[in-house]
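Thanks for taking a look at this one with me. Please keep the sequence and the 3D view side by side as you read.

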Amino acid sequence: SSFTTPTLNNNTIYYVQDSTCAASLTRTAIGVTISVAIPPAPTATGTSICFGNTANLTATGTGTIGWYDSPTGGAWLGAGNSFTTPVLNSNTTYYVQDSTCNASASRTAVNVMVNPLIVPVFTPISAICSGTNAPVLPTTSINGITGIWFPSTISNMATATYTFTPTAGQRATTTTLEIVVLPLRGAAIIN
């Protein structure tokens, strides 16, 4: 015959005895051991973001998901299948673990790759002589970044530094270009 136990939370011993007419006078102990399976580490995929943005990370597992800043120990950052990072300016690794009562034996690394901003590149402009026609600043860099300059026109009277600001949405940073203006040489006086 068989017996189904109620829900058990602890190891328990049950006793069995023959209950027929010729029953034995002894009972046999039957131990029930509660085994709790350690869940596997959650699965998660890293992502790539632009410099200065946040990343939305997701993980799946068998229990409550916990996010950490270290492969062991470290700071607990939050719980749930998704986690939004703070603004990131460099590559960062987060760690996810099944954080139920029987936590997974290891944490899964989730890498966030931060793409650096593109620096616009321009052909240097040779020095010009004071008072001569000044060249026009290009609005597209050699590496294809469009934008505007400040100041927008080159002075032909004094050396100056010009700042290029990329058009929004190009994942590019500002850059500068110095234009040297050479003074006119005075006429030599011959006696």
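The points below go from the whole chain to its strands and then to its cores.

1. A word on the ground rules. This is a predicted model, in which local features need pLDDT of at least 70, side-chain atom pairs count only at pLDDT 80 or more, and totals for chains, interfaces and linings use all residues. Residues are numbered from 1 along each chain as its sequence is written, and side-chain values use heavy atoms, with hydrogens and water left out.

2. Start with the overall outline. The C-alpha atoms of the protein chain fill a box of roughly 145 × 30 × 20 Å along the principal axes. The radius of gyration is 36 Å, whereas a compact globule of 191 residues would come near 16 Å (taken over C-alpha atoms; the globule rule is 2.2 Å times the number of residues to the power 0.38). Buried residues account for 23% of the 191; buried means under 20% relative accessible area, exposed over 50%, and partly exposed in between, with a 1.4 Å probe and protein chains only.

3. Helices (H or I, at least four residues) and strands (E, at least two) are DSSP runs, numbered from the N terminus.

4. Now find strand 10, residues 108-115. Ile49 stands opposite Val114, and Thr92 opposite Val112.

5. Strand 10 also shows two faces. Thr108, Val110, Val112 and Val114 lie on the covered one, while Ala109, Asn111, Met113 and Asn115 lie on the uncovered one. In a regular strand, side chains alternate between the two faces of the sheet.

6. There is also an open sheet of three strands, in the order 3-5-8 with antiparallel pairing. Its edges are strand 3 (43-44) and strand 8 (82-84), each pairing on one side only. Strand 5 (residues 56-60) meets strand 8 over three bridges, with Leu57 opposite Phe83.

7. Finally, the cores. A nonpolar core is a set of buried Ala, Val, Leu, Ile, Met, Phe, Trp, Tyr and Cys residues joined through side-chain atoms within 4.5 Å. The largest has 13 residues, and those with the most contacts inside it include Ile49, Leu57 and Val112. Strand 10 gives the largest share, three residues. Apart from this core lies another, of 12 residues, among them Leu137, Trp149, Leu177 and Ile179.

Conventions: Two strands pair if DSSP finds at least two bridges between them.
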